[in-house]
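Student: Could you go through a structure with me, one piece at a time? I would like to ask things as they come up.

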Amino acid sequence: MHEHEELQSRLRNCLQTILELEPDLEGLELGHDLMKEFDMLKSFMEKLDDVELQEDDVRRIETATANFLEELKGPLASLHERNAARRFLH
C-alpha cells in the first residue's frame with residue numbers, strides 16, 4: 001500500500017470510530033454541542049482523498065482519538081446503565 005493511502009486509511013479509521021459514537025453521544029448532556037462537530041467530521045471525511053497527510057499529523061490524531069475514547073468511557077457507561085434501568089422498569 002502506498003504511504004499516502006496508508007495514512008488516509010489510518011485517519012479514516014479514527015474518524016469513523018468517532019462517528020460511530022454519534023448515536024450514543026446524542027444521549028449525553030454535551031451531545032448537542034458535539035452534533036455540529038460530527039457534521040464537520042462527515043464533511044471532512046468526504047474530502048479526505050484531497051488532503052495531504054503527514055505521519056506526525058496522523059499519529060497525533062490517533063492519540064487524540066484514543067484520549068477522546070478514554071474520556072468518554074465513564075459518561076457512556078453511565079448513559080448505558082441509565083438506559084438499561086429505564087428498559088428494565090418499563
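**A walk through the helices**

Tutor: Let us start with helix H1, which covers residues 3-19, has 17 residues and reaches 24 Å from its first C-alpha to its last, close to the 24 Å expected at 1.5 Å a residue. Please keep in mind that this is a predicted model.

Student: Okay, and which residues of H1 are buried?

Tutor: The buried residues of H1 are Leu7, Gln8, Arg10, Leu11, Cys14, Leu15, Ile18 and Leu19.

Student: What is Thr65 in contact with, leaving aside its neighbours within four places in sequence?

Tutor: With those neighbours set aside, Thr65 is in contact with Cys14 and Ile18, and both of these are among the buried residues of H1. Thr65 itself has its place in helix H4, which runs over residues 55-89.

Student: Is Thr65 buried or exposed, and why?

Tutor: Thr65 counts as buried because its relative accessible area is 7%, and the cut-off for buried is under 20%.

Student: Zooming out, how many helices and strands does the chain have?

Tutor: The chain has 4 helices and 0 strands, so that, read from the N terminus on, its elements run α-α-α-α.

Student: And how much of the chain is buried?

Tutor: Of the 90 residues of the chain, 28% count as buried. The accessible surface of the chain comes to about 6,600 Å², and 52% of that belongs to carbon and sulfur atoms.

Student: What about the largest nonpolar core, which residues have the most contacts inside it?

Tutor: That core has 19 residues, and those with the most contacts inside it are Leu25, Leu28, Phe38, Leu72 and Leu76. The elements that give two or more residues to this core are H1, helix H3 (31-46) and H4. As a general point, nonpolar side chains tend to be buried together in soluble globular proteins.

Student: Staying with Phe38, what does it touch beyond its neighbours within four places in sequence?

Tutor: Beyond those neighbours, Phe38 is in contact with Ile18, Leu19, Glu22 and Leu25. Two of these, Ile18 and Leu19, are buried residues of H1.

Student: Switching topic, where does Pro75 lie?

Tutor: Pro75 lies in helix H4, and it is partly exposed, with a relative accessible area of 32%.

Student: What share of the chain's contacts with a separation of 6 or more comes from residues 24 or more positions apart?

Tutor: Residues 24 or more positions apart account for 78% of those contacts.

Methods
Residues are numbered from 1 along each chain as its sequence is written. This is a predicted model: local features need pLDDT of at least 70, side-chain atom pairs count only at pLDDT 80 or more; totals for chains, interfaces and linings use all residues. Side-chain values use heavy atoms; hydrogens and water are left out. The expected span of a helix is 1.5 Å times one less than its number of residues. Buried means under 20% relative accessible area, exposed over 50%, partly exposed in between (1.4 Å probe, protein chains only). Contact means heavy atoms within 4.5 Å. Accessible areas come from the Shrake-Rupley method with a 1.4 Å probe; for residues, only the protein chains shown count as cover. A nonpolar core is a set of buried Ala, Val, Leu, Ile, Met, Phe, Trp, Tyr and Cys residues joined through side-chain atoms within 4.5 Å.
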